[in-house]
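Please keep the sequence and the structure open while you read.

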Amino acid sequence: GTLLVNERIDREELCGALSPCSLSFEIVVENPLELYSGTVEIQDINDNDPVFPSSQARLEISESVAAGARFPLESAQDPDVGINSLQTYQLSANPNFALDVQTRVDGSKYAELVLEKELDREEQRELNLVLTALDGGSPPRSAHVQIHIDVVDANDNAPVFNQSTYKASVRENTASGTLVARISAYDLDDGPNGDIVYSFSSHTPAKVRELFALDSATGELRVKGQLDYEETKLYEIYLQAKDKGAVPGVAHCKVLVEVVDVNDNAPEVTVTSVYSPVPEDAAPGTVVALLSVTDLDSHDNGLVNYVNDNAPKTSQDSYDVYVLENNMPGIPILNVSATDPDLGRNAHLSYTLLQGDLTFGHLFSINRENGTLYLLTSLDHEDQVEFSMMVQVQDGGFSPLATNVSVSVFVTDLNDNAPMVLYPHPNTTTTTYTDVVAPGTPAGHMVTKVVAVDADAGYNAWISYTLLQATDPSLFSVGLHSGEIFTARQLREDDAPEHTLVILLKDHGEPVLSTSATISISVAEMVKEVLTDLTDVAPANDPRRHVTFYLILAVILVSAAFFITMLSVGIFKCYKWRQSKELYNSSRSTTYRTPGPFHHIDAVRGGFTPPSFYHQVYLTTDSRQSDLLCKKPFTSSPLGSRQGTIRNGEPGLYHQIVGTASRLPTPAE
């Protein structure tokens with residue numbers, strides 16, 4: 001049972017600056033089986049000298065610096081710990097400076113020069129001092145550094161930090177380049193004397209410089225290396241701000257950086273002992289093995305539980321569910337099944353509907369215990385075709401594990417919408433639409449078209465058109481799938497002037513839904529008849545008739561203005577004629593002037609009026625009578641003319657009003 005040293009022990013190599021330095025071991029005693037823990041503490045001896053980073057240090061101090069100013073000095077490093085570590089500093093005798101030794105949070109020492117008597121550059125331009133670092137060994141070990149101080153003139157305002165101490169915290173797994181803190185100082189001087197450069201103080205340990213980087217221009221302190229909470233929990237960083245004057249002013253501050261622990265160490269399981277073989281008559285509860293679990297993290301991150309290591313597993317990753325529209329509310333539509341190979345509460349599963357869309361909570365619900373998905377309301381295929389959601393299955397472990405499964409609900413269509421007629425517009429407040437066809441129109445001529453839609457989808461939305469009722473069934477036919485109405489034969493003179501067609505529209509759903517549309521067709525030989533018929537059909541309060549009136553009035557006003565202009569030109573020409581006989585003779589041969597530019601006014605009613613049917617109205621300037629020219633379909637010459645007055649702009653016709661500026665008609669004309 002004797003514990004022996006197997007090789008030479010170097011405490012600094014094993015533990016660095018950690019104190020106490022200890023090594024742990026475990027001893028197993030069998031028959032009876034017992035476990036003992038032991039610890040060997042490695043004690044330090046004074047086998048290392050303090051060491052300064054360099055053998056010389058140079059300081060520039062302005063003669064205007066007031067007494068009491070402090071100047072940090074480079075710290076010596078001693079790898080020993082306890083009393084054998086660096087304990088104090090000593091300064092060679094001088095009339096101007098004293099030495100102030102201070103202790104950091106971690107117990108290490110650092111020294112600052114304190115100006116007790118103001119410097120005078122004219123009396124003494126430089127000083128040479130010796131700084132000695134001593135440890136606490138017996139006898140003590142020491143190190144020396146030469147301090148050369150240049151006394152120079154400097155600007156009279158030194159930088160000033162907005163606070164002397166900054167505090168920050170970072171996680172130990174913080175990435176390189178992450179901002180830790182931003183220090184800020186100001187200098188009242190102008191130019192280079194007011195430009196500030198940030199840097200680490202001279203006594204900042206090299207380890208800190210490896211872990212942190214300081215931007216000299218912005219004062220941003222960022223992570224540079226890899227932090228480790230288990231190694232160091234707090235960093236005390238000393239920084240300085242120096243201006244760019246000939247004799248730089250310097251200000252100092254410190255930043256306390258707390259390292260926050262993260263769960264970056266996995267538990268380690270050690271099988272300490274196995275009692276084997278096990279007798280067949282071993283009593284229940286007999287110890288067969290000893291296990292130990294450790295975690296290097298701290299607080300909750302270091303607490304170890306014998307972990308829930310199996311997530312719930314669903315039978316499939318996604319579900320597609322098809323539901324008929326107009327369903328009964330509250331019906332179950334899906335059962336999400338999952339299993340968990342763990343035991344006890346680690347295998348107890350709960351189902352949750354993740355609310356990606358807030359409206360889903362009013363439409364769907366899931367049983368938390370068995371995973372049954374319910375539909376809470378009736379769905380409409382025409383409103384929304386598809387719903388996508390996520391179901392989460394979670395076990396009941398201390399650190400619960402979860403699995404997500406996607407569910408898509410598709411709403412299938414039922415034939416619950418009858419065809420809807422878009423043209424002619426179904427309006428109970430007015431009479432039916434009237435379309436016009438000219439006498440003699442040949443067979444196969446498209447007169448108009450019934451336009452309809454069905455809100456259903458697929459086969460339920462296919463619409464067929466049939467002629468249900470007609471004044472003369474032999475005269476018109478309708479396209480089965482297009483709804484276009486054609487002349488079945490050539491129109492004769494003995495055909496009725498008015499025809500009413502009832503078109504039946506049916507979809508192909510089950511059951512079949514239908515609707516009807518009524519169309520009136522007029523057979524007109526002259527525009528006068530058409531205008532008379534349309535006047536009877538048009539609603540009395542149709543606001544569009546006033547538009548035509550104002551258009552005609554505008555044409556008359558423009559024509560009158562044009563006439564006055566031409567009359568003024570004529571008077572001017574007449575004046576010239578009196579002065580020249582040649583002009584008089586030439587003017588007799590040009591009694592009639594070329595008609596002026598045309599002015600067109602179009603009024604088109606929306607619908608399916610045959611494009612070849614129109615009438616023209618020719619108006620002379622200041623004329624009170626009009627000539628109407630009617631053209632039959634597919635002909636280029638007018639059938640006749642009739643004088644009349646345009647009283648109303650009737651819908652359903654294409655009007656072209658042409659105003660010409662010409663000579664005035666004579667009484668005989």
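Which residues form a disulfide, and how far apart are their sulfur atoms? The partners are Cys15 and Cys21, with 1.9 Å between the sulfur atoms. Keep in mind that this is a predicted model.

**Cysteines**

- The disulfide count is one.
- The link of Cys15 and Cys21 is right-handed, with 60° about the S-S bond.
- Are Cys15 and Cys21 buried or exposed? Both of these cysteines are buried.
- Cys253 is buried as well, and its relative accessible area is 3%.
- Cys574 is partly exposed, at a relative accessible area of 35%.
- Cys253 is classed as buried because its 3% falls under the 20% cut-off.
- Cys574 is classed as partly exposed because its 35% lies between the 20% and 50% limits.

**Asp340: location and charge**

- Where does Asp340 lie? Asp340 sits in the loop that runs between strand S24 (338-339) and strand S25 (349-354).
- Asp340 is buried, yet has no salt bridge.

**Asp340: surroundings**

- A polar atom of the Asp340 side chain lies 2.9 Å from the backbone nitrogen of Asp342.
- Leaving aside residues up to four places away in sequence, Asp340 touches Asn310, Ala311 and Pro312, along with Asn346, Ala347, Leu349 and Asp395.
- One of these contacts, Leu349, belongs to strand S25 (349-354).

Technical notes:
Residues numbered from 1 in each chain as written. Predicted model: local features only at pLDDT ≥ 70, side-chain atom pairs only at ≥ 80, totals over all residues. Heavy atoms only, no water. Helix = DSSP H or I, 4+ residues; strand = E, 2+ residues; numbered from the N terminus. Buried < 20%, exposed > 50% of the residue type's maximum accessible area, 1.4 Å probe, protein only. Lys, Arg positive; Asp, Glu negative; His and termini not counted. Salt bridge = Lys/Arg side-chain N within 4 Å of Asp/Glu carboxyl O. Polar contact = N/O pair within 3.5 Å; in protein donor to acceptor, adjacent residues only side chain to side chain. Contact = heavy atoms within 4.5 Å. Disulfide = S-S within 2.5 Å.
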